[in-house]
Amino acid sequence: MSSNQWDIQARAFQIPYTPFSHNFWVLTNSTHRVTDQIHGLAFHIETKTTKAIGSSVDRLQVFRDAGIPWSLQPNQPTRSCITGDEAQVKERWQAAVNAIPAINALQLCYPNLWEHFHKKNCNSVFNTLGQIMGIDAPSLLLPTWAPGIHLIISQDIINQYCYKQ
């Protein structure tokens, strides 16, 4: 990546003491600094707290926050997906940002424990947002075990918000 290029990256947070990952999106600027992050997270309605993995008492919500400190691990699996000038990269990123309210409006319940393998979860958000940004096969980008990554949140939302060149 040249010094004046922005980048959309797929990243994986390795869940401690498990073989699983929480995959998410990162936007970096021309100095390689993280300027934004988008995560699907478990959101506890009463405590207003988020976490990478939740249970059925939580909602599956999308959050945009450049300062989620726990997600950026040393040597985490990372893949550069879209690189280009600032305006070009931010157009794709904005397509994903625009879809956040529609995904959150679904008020999806977070799955319990082993349901993560066959129900929509944070990794399904990752796949959905990747498709919205026009990234080919987001579920195959990182060499991680990310349950739910082959699922999407909504094909209608993908169709409505998909980045158009």
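This is a predicted model: local features need pLDDT of at least 70, side-chain atom pairs count only at pLDDT 80 or more; totals for chains, interfaces and linings use all residues.
Reader: How do H1 and H2 cross, and within what distance do the axes come?
Author: H1 covers residues 86-105 and H2 covers residues 122-132. Their axes come within 9 Å and cross at roughly 135°.

Reader: Is that roughly antiparallel or oblique?
Author: Oblique, because roughly antiparallel needs an angle over 145 degrees, and this crossing is at roughly 135°. H1 and H2 are therefore oblique to each other.

Reader: Left-handed or right-handed?
Author: The crossing of H1 past H2 is right-handed.

Reader: Which residues make the contact?
Author: On H1, the contact is made by Ala95, Ala96, Ala99 and Ile103. H2 contributes Thr128, Leu129 and Ile132.

Reader: Switching to H2 itself. How many of its residues are buried?
Author: 10 of the 11, so H2 is mostly covered. Among the buried residues are Cys122, Phe126 and Gly130, and Thr128, Leu129 and Ile132 are also on that list.

Reader: What covers them?
Author: The cover includes strands S1 (6-14), S2 (21-28), S3 (34-44) and S5 (58-64). H1 and helix H3 (155-161) are also included.

Reader: Now the ends. What does asparagine 121 reach at the start of H2?
Author: A side-chain oxygen of asparagine 121 comes to within 2.8 Å of the backbone nitrogen of asparagine 123.

Note on methods. Residues are numbered from 1 along each chain as its sequence is written. Side-chain values use heavy atoms; hydrogens and water are left out. Axes are lines fitted to C-alpha atoms, for helices over the stretch in contact, and angles run from 0 to 180 degrees between N-to-C directions. Helices (H or I, at least four residues) and strands (E, at least two) are DSSP runs, numbered from the N terminus. Angles under 35 degrees count as roughly parallel, over 145 as roughly antiparallel, 65 to 115 as roughly perpendicular and the rest as oblique. A crossing is left-handed if the near helix is turned anticlockwise from the far one by less than a right angle, and right-handed if clockwise. Contact means heavy atoms within 4.5 Å. Buried means under 20% relative accessible area, exposed over 50%, partly exposed in between (1.4 Å probe, protein chains only). A polar contact is a pair of N or O atoms within 3.5 Å; within protein, one must be able to donate a hydrogen and the other to accept it, and residues adjacent in sequence count only if both atoms are side-chain atoms.
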